[in-house]
Amino acid sequence: MSAASPLRIGVIMNGVTGRMGTNQHLRRSILSIRRDGGLEIAGIGRILPEPVLVGRNRVKLERLSRETGVEAWTDQLDRALEDPANRIYFDAQTTPLRAAALERAVEAGRHVYCEKPAAATSAEAHRIYRMAQGRGLKHGVVQDKLWVPGVVRLRRLLRDGCLGRILSVRGEFGYWVFDGRDAPLQRPSWNYRKEEGGSIILDMFPHWRYLLDNLFGRVRSVSCLGATHVRRRWNEEGREYAVTADDSAYATFLLEGDVVAHFNSSWAVRVRRDDLFTLQVDGTRGSAVCGLNQCRVQLARSTPRVTWNPDLEPSHAWLESWFPAPGAPPASGPFRTQWELFLRHVLADEPFPWNMLEGAKGVQLAECARESWRNRSWVDIPELAPDSG
Ligand SMILES: NC(=O)c1ccc[n+]([C@@H]2O[C@H](COP(=O)([O-])OP(=O)(O)OC[C@H]3O[C@@H](n4cnc5c(N)ncnc54)[C@H](O)[C@@H]3O)[C@@H](O)[C@H]2O)c1
């Protein structure tokens, strides 16, 4: 670390009193970087991000400020945007509010970074992409699952060709979300109201898009069946409401290279697997199953020879012929890792491919999946080019 005083960069954090804003982005990313003395960038020196807490509710902001020791807070976004020291705008508000706030930030000349989905529609996300590009501003969208330890280990196996030619991919995501009556709900109630931006398809398909595009090949088409399995829930105030958003989706994707991917996503399923999200990859030379933390592999030489005979007791303990994938876990959490990459992108112009255009592609996949569900048909995903729209 250089002994010189650090370069301070103001980061406006809008929606910071929410789950993601407080836990992942403020505490585990920005404050964690600050606790470690900042971020050292070669040729520039030590960078210290200075968060500015922004939200609608002054009581919550004041409480968060007290709890975290972050003194700068306001419920007036424009005030925060006026200060030239605040060079970065970050958004973790509920999804429908995102696009308008990002636009204000871009118009004020700020670099922008945001949670996924990048916007409520791909057209909005693409417009913000073009605006930011046109003004020479940096932009990025959270793609945290690329840096969870299990996926990092899987990427190493894929990079080294350990699994051979990839044939198919199966993602299983979900857990039981309580309805809020018999046990308190553990996700915000807006997630289950379409009119407020709720929908598991809009929430999770942006993740599936960047995982598939980055690990296996561009998603070319989708077939999706959505469902609202749990029809009534109780909100944060204990009031009953009708669920208007899908809470489950069963989707098949065709990728470049003829890889077939099938993902089940559900908030109405009980967990009987290694993790809340697992991804099985089958290739000609081996298979891997990764969760958020672990990744296990079975290579050709340890693949059991199976003989199908349901009249007999299982001949093999199937789970025992899988071995932990090698390699150390990443040094920091997934959200902090991506924040560091974004700060390097803004300050040192290092590459950052996880940008607004990629964010727009995530929303586009959700839109195509909904179209498939509505029309009961396969939908081809149009190429979202930088200058389209
Ligand atoms: N990357 C991930 O893995 C991941 C996980 C969960 C959520 N998210 C995304 O992060 C964003 C925030 O999600 P969250 O779970 O933190 O939500 P949350 O409800 O906990 O927080 C939402 C924030 O927006 C503010 N807000 C503004 N208008 C609101 C309204 N009408 N109703 C409720 N809140 C309102 C809240 O005050 C709060 O600060 C969403 O876009 C969501 O899709 C990402």
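I began in strand S16, where I looked up the bridge partner of Ala288 and found Val297. Before going on I noted that this is a predicted model, in which local features need pLDDT of at least 70, side-chain atom pairs count only at pLDDT 80 or more, and totals for chains, interfaces and linings use all residues. I also noted that residues are numbered from 1 along each chain as its sequence is written, and that side-chain values use heavy atoms, with hydrogens and water left out.

**Entry on the strands.** Strand S15 (residues 286-290) and strand S16 (residues 295-299) pair in the antiparallel sense over 5 bridges, and a hairpin of 4 residues joins S15 to S16. S16 is also joined to S17 by 2 bridges, and these two run antiparallel; there I found Arg296 opposite Pro324 in S17.

I then followed the whole open sheet, whose 9 strands come in the order S17-S16-S15-S14-S8-S13-S12-S9-S18, with mixed pairing. Strand S17 (323-324) and strand S18 (379-380) stand at the edges with a single partner strand each, so one side of each is left without a neighbour in the sheet. Elsewhere in the sheet, strand S8 (residues 166-174) runs parallel to strand S13 (residues 260-266), and 7 bridges join them. Phe173 stands opposite Ser265 in S13.

**Entry on the helices.** Helix H7 (residues 200-215) packs on the sheet and touches S8, strand S9 (219-227), strand S12 (248-255), S13 and strand S14 (277-283), where contact means heavy atoms within 4.5 Å. The direction of H7 makes about 25 degrees with that of S12; axes are lines fitted to C-alpha atoms, for helices over the stretch in contact, and angles run from 0 to 180 degrees between N-to-C directions. Helix H9 (residues 356-375) also packs on the sheet, touching S9, S12 and S18, and its direction makes about 60 degrees with that of S9.

I next looked up how the two helices meet: H7 and H9 pack at an angle of about 115 degrees, with their axes 7 Å apart. Among the residues making this contact are Ile201, Phe205 and Arg209 of H7 and Val363, Leu365 and Trp373 of H9.

**Entry on the ligand.** For polar contacts I used pairs of N or O atoms within 3.5 Å. A backbone N or O atom of Arg19 lies 2.9 Å from an oxygen atom of the ligand, a polar backbone atom of Gln93 is 3.4 Å from a ligand oxygen, and a polar side-chain atom of Asp203 lies 3.3 Å from an oxygen atom of the ligand. Taken alone the ligand exposes 830 Å², of which the protein buries 84% (areas by the Shrake-Rupley method with a 1.4 Å probe).

**Entry on the loops.** Trp190 is found in the loop between S8 and H7, and, leaving aside residues up to four places away in sequence, Trp190 touches Thr94, Thr95, Glu196, Gly197 and Gly198. Ser199 lies in the loop between S8 and H7 as well, and has a positive phi of about 150 degrees although it is not a glycine.

Key
Two strands pair if DSSP finds at least two bridges between them. A polar contact is a pair of N or O atoms within 3.5 Å; within protein, one must be able to donate a hydrogen and the other to accept it, and residues adjacent in sequence count only if both atoms are side-chain atoms.
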